[in-house]
Amino acid sequence: MASKKTTAAKTNTMSLPVSGIAPYKEKKGEEYMNKDQKEHFRKILLAWKQELMEEVDRTVGHMKEDAANFADPADRATQEEEFSLELRTRGRERKLIKKIDEAINDIESGDYGYCEACGIEIGIRRLEARPTATLCIDCKTLQEIKEKQMA
């Protein structure tokens, strides 16, 4: 009995991609992807996008301020490697921002929360863990198995 309570407590304290937004509390008998749920996910996506955009601004500022022409080749190489890693991270974040924008468009069109492959509900908890998810867990698992087989 204690293990069920522990599991439930862990589920309720899950962290969202954005801090400061509480997990959605489903009401008994409510319709999936109703107005409140859509607004909850829109808020998560917009806050997440804002955080990523602020990080991009910080990186640009950092690279402008810290850019120096070091005489020592080792120092120059260290700086170039640091900048390269930052740019690679920002590239991944740029792709994530594109996915966030697509998810926001899906909310507006009414497609958000439904699997692109089979059309079933993705689920509130999965979307809170990965707000840009476009596949249900079964289709995503199948996709990953196919990718492993092709590699």
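Is tyrosine 114 buried, partly exposed or exposed, and what is its relative accessible area? Tyrosine 114 is partly exposed, at 29% relative accessible area (buried means under 20%, exposed over 50%, partly exposed in between, with a 1.4 Å probe and protein chains only). The model is predicted, so local features need pLDDT of at least 70 and side-chain atom pairs count only at pLDDT 80 or more, whereas totals for chains, interfaces and linings use all residues. Residues are numbered from 1 along each chain as its sequence is written, and side-chain values use heavy atoms, leaving out hydrogens and water.

**Aromatic pairs**

- The structure holds two aromatic pairs (ring centres of Phe, Tyr or the six-membered ring of Trp within 6.5 Å; planes under 30 degrees apart are stacked, over 60 edge-to-face, the rest tilted).
- Tyrosine 32 and tyrosine 114 form an edge-to-face pair, with 5.3 Å from centre to centre and 85° between the planes.
- Tyrosine 32, in the loop between α1 and α2, is 82 residues apart from tyrosine 114, in the loop between α3 and α4.
- Tyrosine 32 is buried, at 11% relative accessibility.
- The pair of phenylalanine 41 and tyrosine 112 is tilted, because the ring centres are 5.5 Å apart and the planes stand at 50°.
- Both phenylalanine 41 and tyrosine 112 are buried.

**Glutamine 37**

- Glutamine 37 belongs to helix α2, residues 35-66 (helices are DSSP runs of H or I with at least four residues, strands runs of E with at least two, numbered from the N terminus).
- Glutamine 37 is buried, with a relative accessible area of 1%.
- Beyond its neighbours within four places in sequence, glutamine 37 has contacts that include Tyr32 and Ile124 (heavy atoms within 4.5 Å).
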